[in-house]
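Here are some short notes to read beside the model. Keep the structure open and find each residue as it comes up.

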Amino acid sequence: MKFLRWLTVFMVLSGCKKASESPFPLYEKFIAQDIDNLKNPQSQINYLTKLFEFDQSIRNKEVRSAANLKKMKEVDSISFILTKKFLDNYGYPNYKINNYKAKAAIITVALHQKYKNQKILFPFIYNAYNTKYVDESDFSSLLYRMYLFKYGENYPLKEKTTEKEIINGILNKLNIIN
């Protein structure tokens, strides 16, 4: 009888502990932080680095289970919200970023979104591309993905087409420039 009571107490306590745990314990402070105070480029770079790490945290796992895919969708949703808030507050960084993770963060998050969310992030990225803060190859990768998500097929490539011609062709097909 004593053992049964002890087991019941243990199960209740361990059940409560699991219910209160964060689904992303390593990133709990990052997700909850107030980003309104990223006043200088270095604090923004640090934030973008952590955003990239958070976005990639679930993708580095080798197991593609249903639970892992569900968690990946959660990460993508949170990453989108954090990225959109960052862009609304600060715009796309208009300074040179040498940190690979920080430089890739916004594009990487955009690549993992559905077309609807990609369109929301697109004006910020397009503006940064036009001002040379997004590389041509990164921008074309995003456009390829957007085309695939919108039309369900890859953009048809022609021989001897430059990256710039491909970008312009996809932009015309997507019809997303105001």
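1. Start with the largest nonpolar core, which holds 48 residues. Ile125, Phe139 and Leu143 touch the most other members. Bear in mind that this is a predicted model.

2. Next, see where the core comes from. Helices H3 (41–57), H4 (66–90), H5 (100–111), H6 (115–130), H7 (136–151) and H8 (163–174) each supply at least two of its residues. Which helix gives the most? That is H5, with eight residues. As background, nonpolar side chains tend to be buried together in soluble globular proteins.

3. Now zoom in on Phe139. Leaving out residues up to four places away in sequence, Phe139 touches Phe122, Ile125, Tyr126, Tyr129, Val134, Ile167 and Leu171.

4. Turn to the aromatic rings. The count is 12 aromatic pairs. Take Tyr47 and Phe86: their ring centres are 5.7 Å apart and their planes meet at 5 degrees, so this pair is stacked. Planes under 30 degrees apart count as stacked. Tyr47 sits in helix H3 and Phe86 in helix H4, so look for them in distant parts of the chain, 39 residues apart. Both Tyr47 and Phe86 are buried.

5. Compare a second pair, Tyr129 and Phe139. Their ring centres lie 4.1 Å apart with planes at 10 degrees, so they too are stacked. Tyr129 belongs to helix H6 and Phe139 to helix H7, 10 residues apart. Tyr129 and Phe139 are both buried.

6. Finally, which residues do ring pairs link into a cluster? They are Tyr27, Phe30, Tyr47, Phe54, Phe86 and Tyr90.

Conventions: Residues are numbered from 1 along each chain as its sequence is written. This is a predicted model: local features need pLDDT of at least 70, side-chain atom pairs count only at pLDDT 80 or more; totals for chains, interfaces and linings use all residues. Side-chain values use heavy atoms; hydrogens and water are left out. A nonpolar core is a set of buried Ala, Val, Leu, Ile, Met, Phe, Trp, Tyr and Cys residues joined through side-chain atoms within 4.5 Å. Buried means under 20% relative accessible area, exposed over 50%, partly exposed in between (1.4 Å probe, protein chains only). Helices (H or I, at least four residues) and strands (E, at least two) are DSSP runs, numbered from the N terminus. Contact means heavy atoms within 4.5 Å. Rings of Phe, Tyr and Trp (its six-membered ring) pair if their centres lie within 6.5 Å; planes under 30 degrees apart count as stacked, over 60 as edge-to-face and the rest as tilted.
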